[in-house]
Each structure stands twice: as C-alpha cells, then as structure tokens.
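Please load the model in your viewer and keep the selection tool at hand.

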Amino acid sequence: MKSELIKKKKVRIIPLLVSIAVPLLLGGIVYVLIPNMKEIYESLKKPIFAPPQIIFPIVWTIIYILMGIASYKVYKLKYEGIDVSSAIFVYGIQLLLNFLWSFIFFGFRLYGLAFIELIILLMFIILTILRFYKKTGIKVTLLLAPYLVWILYAGVLNFFIWMLNEM
C-alpha cells in the first residue's frame, strides 16, 4: 500500500515541465507574432473597468502555469492506467481556442468575432473543468478557477470593447 502511495505522489519532471511549457510557449508565440498588442490595446476605446495593459502578461503567466500544473495532474493519471485522453483532448481544444482569440482580436481586430470565439472558448473551459474534475476531483479543478474567472472578465471586457469600437 505504501509503495502505491509513493507511486501516485511521484513527480514526473519532464511531463510536468512540458505541461507548463506548452501554454506558456503558446502565449509567448502570440507576443512574438503580434508584437504591437500593447499599442493596439492602448489605442482602443475601453470601458472604465478595463485594466492597464501591464496586467495582462502577469495574469496570463500565472494562469498558464496553473493550467499546466492542472493538465499535468490529469496527464500523470495515465501512468496509473486511467484513460485521460478525452480530458486532455478537450484541454487541447481550449488551448487552441485561447491561442486563436489573440489573432482574431489583435491581429484582425474583429472584436465581435473575437467575442463569439471567446464564448466558445468559455464553453470548452467549462468542459475541461468538468472532465478534469471527473478524473481528479476538486483540488486540481480549483487550479483552473482563476482561468475561468479571468475569461468571464475578459468576455465582458471584449464585449464592451466591441461595442465601443465597432458599433
């Protein structure tokens, strides 16, 4: 019994690092491919509750690290013979949607389409949370709570930017 507990607690460093690196790298790629995001954001008409631009990289870095840790906790269950493929698949889809939003919003400046895409992203985040919860329980799922809250806030912000700049 003790050896099983040790096995479950064993940290697999390479999968952990990869799990954290993937969302961080995707976020970094966005900053490389859209280097003028700061200027675009500053040029927009924004609601009074819009945060200063400097907040975004700080918040996203924290969220990406938490997402990576959560995905690692789910992924490592495969070493215990638990099928995690559907949970990781849904997580991957929401990562892709997260990545694409920046190009729609900042690259193409299609704020309405970005808002719609964000609603779809929100649905996949909720689906990811539900799948992760079924595999790991509440502790790991709570790692995704800041992401969910931030996306809800981002959705409201996106909607108001759309209204103020395109309507």
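In this predicted model, begin by selecting Phe-108, Leu-110, Leu-113, Ile-116, Ile-119, Ile-120 and Met-123, which together make a nonpolar surface patch of about 660 Å². Within that selection, pick out Leu-113, which is found in helix α6 (residues 111-136) and which counts as partly exposed because its relative accessibility is 44%, between the limits of 20% and 50%.

Next, turn to the second largest pocket, whose volume is about 170 Å³, and display its lining, made of Pro-15, Val-18, Ser-19, Val-22, Ser-71, Tyr-75, Ile-88, Tyr-91, Gly-92 and Leu-95. Helices α2 (13-33), α4 (55-75) and α5 (85-107) are the elements that give two or more residues to this lining, which by class comprises 7 nonpolar, 3 polar and no charged residues.

Then go inside, where the structure holds 2 cavities of 30 Å³ or more. For the largest cavity, with about 400 Å³ of space, select Phe-56, Trp-60, Trp-101, Ser-102 and Phe-106, which of the 23 lining residues lie nearest its centre. The lining of the largest cavity divides into 17 nonpolar, 5 polar and 1 charged residues.

Finally, select Pro-23, Leu-26, Gly-27, Tyr-64, Leu-95, Asn-98 and Phe-99, which line the second largest cavity, a space of about 30 Å³. Its lining has 5 nonpolar, 2 polar and no charged residues, with α2 and α5 each supplying at least two.

Notes: Residues numbered from 1 in each chain as written. Predicted model: local features only at pLDDT ≥ 70, side-chain atom pairs only at ≥ 80, totals over all residues. Heavy atoms only, no water. 1 Å grid on protein atoms, 1.4 Å probe; cavity = no way out; pocket = protein on both sides within 12 Å on 5 of 7 lines; lining within 4 Å. Points joined across faces, edges and corners; volume = space filled by probe spheres on them. Helix = DSSP H or I, 4+ residues; strand = E, 2+ residues; numbered from the N terminus. Nonpolar A, V, L, I, M, F, W, Y, C, P; charged D, E, K, R; others polar. Patch = residues over 30% accessible without salt bridge, like charges linked within 9 Å, V, L, I, M, F, W, Y side chains within 5 Å. Areas by Shrake-Rupley, 256 points an atom, 1.4 Å probe, with all protein chains shown as cover. Salt bridge = Lys/Arg side-chain N within 4 Å of Asp/Glu carboxyl O. Buried < 20%, exposed > 50% of the residue type's maximum accessible area, 1.4 Å probe, protein only.
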